[in-house]
Amino acid sequence: MGDQATPPAPELAEMAISDGPSLKHPFSDRAPVRSIVCRPDGGAGLAGQRVRAGGWVKTGREQGKGSFAFLEVNDGSCPANLQVIVDAGVADLSTLVQTGTCVLVEGLLKVPPEGTKQKIELRVDKVLHVGPTDPASYPIPKTKLSLEFLRDHIHLRARTNTISAVARIRNALAFATHSFFQEHGFLYVHTPIITTSDCEGAGEMFQATTLISEAEKLEKELILNPPPTEADLEAAKLAVGEKGNIVSQLKAAKATKEEISASVADLKIAKENLSRVEERAKLKPGIPKKDGKIDYGQDFFSRQAFLTVSGQLQVETYACAVSSVYTFGPTFRAEHSHTSRHLAEFWMVEPEIAFADLQDDMNCAEAYVKYMCQWLLNKCFDDMELMAKLYDKGCIDRLRMVSSTPFERISYTEAVQLLEEAVRGGKEFEKNVEWGIDLASEHERYLTEDIFKKPVIVYNYPKGIKAFYMRLNDDSKTVAAMDILVPKVGELIGGSQREERYEVIQQRIAEMGLPIEPYEWYLDLRRYGTVKHCGFGLGFERMILFATGIDNIRDVIPFPRYPGRADL
């Protein structure tokens, strides 16, 4: 057995007996369109190979008086389509040519006649599957559609060129995120979606409760089975008294043991019935209250709970134990905003680094943004070309600039001075510029797009506009916070060195008017083995807006949630 050769893996064996590289998808009986048309030669080198391909018809037309049809088929693996030619003798062409039809076909790859755009086409001799579409009702025709229109057809919009390209770009940026942090020794930590802490102290949180559904269930139950009346309660009490008297009388009369036991059993049943009646008499329709306030002690978690606005506080517990960590997941904000920059559900990337200060934080954030930009240039260039063609002709140049240019670093005070100089020079902002304001998007974009024309890191912000956990600087006016500002979106990253001094953070919580009790566990990280540490948060959808040049954040997340809309 020891010198018996190990058999080759099935995919290697297939490649060994094939004249060329295997095109078949490892887990699907087809060749992805990308494996055919995205080769350096456009697929021409595959001429003569027999393949099976599937996808959805982008456009189709019958030619030669209905003797054959051209189909442009796309399976979402890349922005390019595969041109498919089907003869009328092979299948009913009228069904195949409708936009949105799903097809699985088999045939030979051939080089098309000279002068055509395509480098390869598939001449079909077998149609294995047709998922027909009624063109009269199909809501995604081949005409140009607005992104606003597509939001009303969220379940079908991924079939369009734009949304499928955004999906691939989003996927690439998620892969790049994990690759960057894994390459640099970070541990991926899953933080909870349900939390009892408000990281931002903003109060704009979705509540997670079962009180409402339980109250509705109780109301229905009380209608079907009404609560006991006062008379029912008195009758149950009277029954207990009567049964008790009988037991006393039997004992006094020295009745048999069997008679007394049977009477005691009757008394027990009467008492159990009284207990049930008393409990049901306490039931009241509506949400339970105590001292005039909602009684969260009766809620699922026995306290108020919310959907998280950030995993930062929780992931710090791991940073203070295993040093370098990150979390990447959905976060929620119950903000009634209808702007093109806000969602109720969005994704955040939040690393946390122990034994690191604000300089380390800025260095890590800059390296991460550059890494993602270069990743898109290397892995998603065809999709980025589509974005440049349809939405922002400068998006590829912007990625190149960011990936190769050192970020400018200025203090908040310097940033305000630059903005004030611009105002004196005639620049007008909607929001007045003065030291102490939270910089608006117009200020951030002016700094990065007009003054420096590259990404800018602004650091050392006034403590009054930042969260309680940011480290107080020696001037007692500013905190060791930093924001990365980029062209197109303004703030992309917000981060800080965390306050590791127990007395200082305790005072900051009090200053912000926050209750201490929910943060006792957070203070324990400072009580026991405190360590200098820092971290930041990147709004994942904002990174996609920055990369693609698309204007509305609702178009860069698969299923957008915003006031009034939570489709699917």
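Cysteine 380 is buried, at 5% relative accessibility. In this predicted model, cysteine 380 takes part in no disulfide, and the nearest cysteine sulfur, belonging to cysteine 38, is 11 Å away. Cysteine 78 is also a buried residue, with a relative accessible area of 0%. The closest cysteine sulfur to that of cysteine 78 is again in cysteine 38, at 3.5 Å. A disulfide requires the two sulfur atoms to be within 2.5 Å, so the sulfur of cysteine 78 is too far from that of cysteine 38 for a bond. Under this criterion, the count of disulfides is 0.

The strands form a further part of the description. Five strands make up a closed barrel in the order β1-β2-β3-β5-β4, and their pairing is mixed. From one strand to the next, the twist averages 55°. In general, the strands of a sheet pair through backbone hydrogen bonds, and the pairing is either parallel or antiparallel. Strand β2, which covers residues 68-74, pairs with strand β3, residues 82-87, in the antiparallel sense. This pairing extends over 6 bridges. Leucine 71 has valine 84 of β3 as its bridge partner.

The relative accessibility of isoleucine 194 is 41%. Buried residues fall under 20% and exposed residues lie over 50%, so isoleucine 194 counts as partly exposed.

Definitions and conventions
Residues numbered from 1 in each chain as written. Predicted model: local features only at pLDDT ≥ 70, side-chain atom pairs only at ≥ 80, totals over all residues. Heavy atoms only, no water. Buried < 20%, exposed > 50% of the residue type's maximum accessible area, 1.4 Å probe, protein only. Pairing = 2+ DSSP bridges. Helix = DSSP H or I, 4+ residues; strand = E, 2+ residues; numbered from the N terminus. Axes fitted to C-alpha atoms, helices over the stretch in contact; angles between N-to-C directions.
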